[in-house]
Amino acid sequence: MTAPLHIGILIYPKVTQLDATGPAQMLARVPGAKIHMIWKSRDPVPTDAGFSIVPNATFADCPQLDLVCVPGGTGQIELMTDQETLDFLRKQAAGARYVTSVCTGSLVLGAAGLLKGYKSACHWAWRDMLPAFGAIPVAERVVRDRNRISGGGVTAGIDFGLAVAAELAGEETAKSIQLAFEYDPQPPFDCGSPEKAGAGRVARMREQLSGLLEVRRRANDAAAASLP
């Protein structure tokens, strides 16, 4: 029997559940994969969708991971200066084969000092915050730079999960996973990126996000200033 492949996904209060569950669903089908949904305790963790996810591992009992993934969500703001979480990520990253993120999870990796000199994806609205951590923002759904793999905003986590599955188990396995889940996106509207949505719609969205932008930027600046 082969050793299990330990895949850890950080969950935390106000995580965007699809950032976490999209990759988890794809990667759970990788042969030998053992999925760890990790937080400080095993108490249910409220997501930003109004329901909770129950962790099956804690910082204290989590094994050394082969792959660690940080999803995004508004709760990411508090994580930027949460030393317990950042220390956990640094410790796991030191021994992991892959250090990964989805959406604004890349900013948490940046706050942990794990993206300096690396290319990274992020949600389009917050991508310009990556350089504060020495990261190089890339406007793509999935970005690979050495052992760092990152997905863009939210739904990109599914693409990310399949890309990682191919990395771990080969392209044919990843294609079979894609077929099993009938992942054949045909969105009803072609406006899922700033380039396609049109300047007016993007401007309105940025206005709606302006309050969160300010809060997130302050947290980003504070985290960047605390790095060595």
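A salt bridge here is a side-chain nitrogen of Lys or Arg within 4 Å of a carboxyl oxygen of Asp or Glu. By this rule the count comes to 12 salt bridges. The model is predicted, so local features need pLDDT of at least 70 and side-chain atom pairs count only at pLDDT 80 or more, while totals for chains, interfaces and linings use all residues. Residues are numbered from 1 along each chain as its sequence is written, and side-chain values use heavy atoms, with hydrogens and water left out.

**Stop 1: helix α1**

Select residues 17–27, which form helix α1. Helices (H or I, at least four residues) and strands (E, at least two) are DSSP runs, numbered from the N terminus. Which residues of α1 are buried? Asp-19, Ala-20, Gly-22, Pro-23, Ala-24, Met-26 and Leu-27 are; buried means under 20% relative accessible area, exposed over 50%, and partly exposed in between (1.4 Å probe, protein chains only). Now show β1 (5–10), β2 (33–39), β7 (98–102), α5 (156–169) and α6 (171–180): the buried residues of α1 pack against these elements.

**Stop 2: Thr-58**

Next, select Thr-58 in strand β5 (residues 57–58). Thr-58 has a relative accessible area of 8% and is therefore buried. Leaving aside neighbours within four places in sequence, Thr-58 is in contact (heavy atoms within 4.5 Å) with Ile-38, Trp-39, Lys-40, Ser-41 and Arg-42.

**Stop 3**

Side chains of opposite charge can pair when their charged atoms come close. Select Asp-159 and Arg-141, which form a salt bridge with their closest N and O atoms 3.4 Å apart. Asp-159 is in helix α5, whereas Arg-141 is in the loop between β9 (136–137) and β10 (142–145), and the pair links distant parts of the chain, 18 residues apart. Asp-159 is partly exposed at a relative accessible area of 22%, and Arg-141 is also partly exposed, at 39%.

Then select Arg-144 and Glu-167, whose side chains meet in a salt bridge of 2.6 Å, N to O. Arg-144 lies in strand β10 and Glu-167 in helix α5, so this pair ties together parts 23 residues apart in sequence. Arg-144 counts as partly exposed at 44% relative accessibility; Glu-167 is partly exposed, with a relative accessible area of 33%.

**Stop 4: Asp-190 and Lys-196**

Finally, select Asp-190 and Lys-196. Are these two residues buried or exposed? Both are exposed, and they form a salt bridge in which the closest N and O atoms are 3.5 Å apart.
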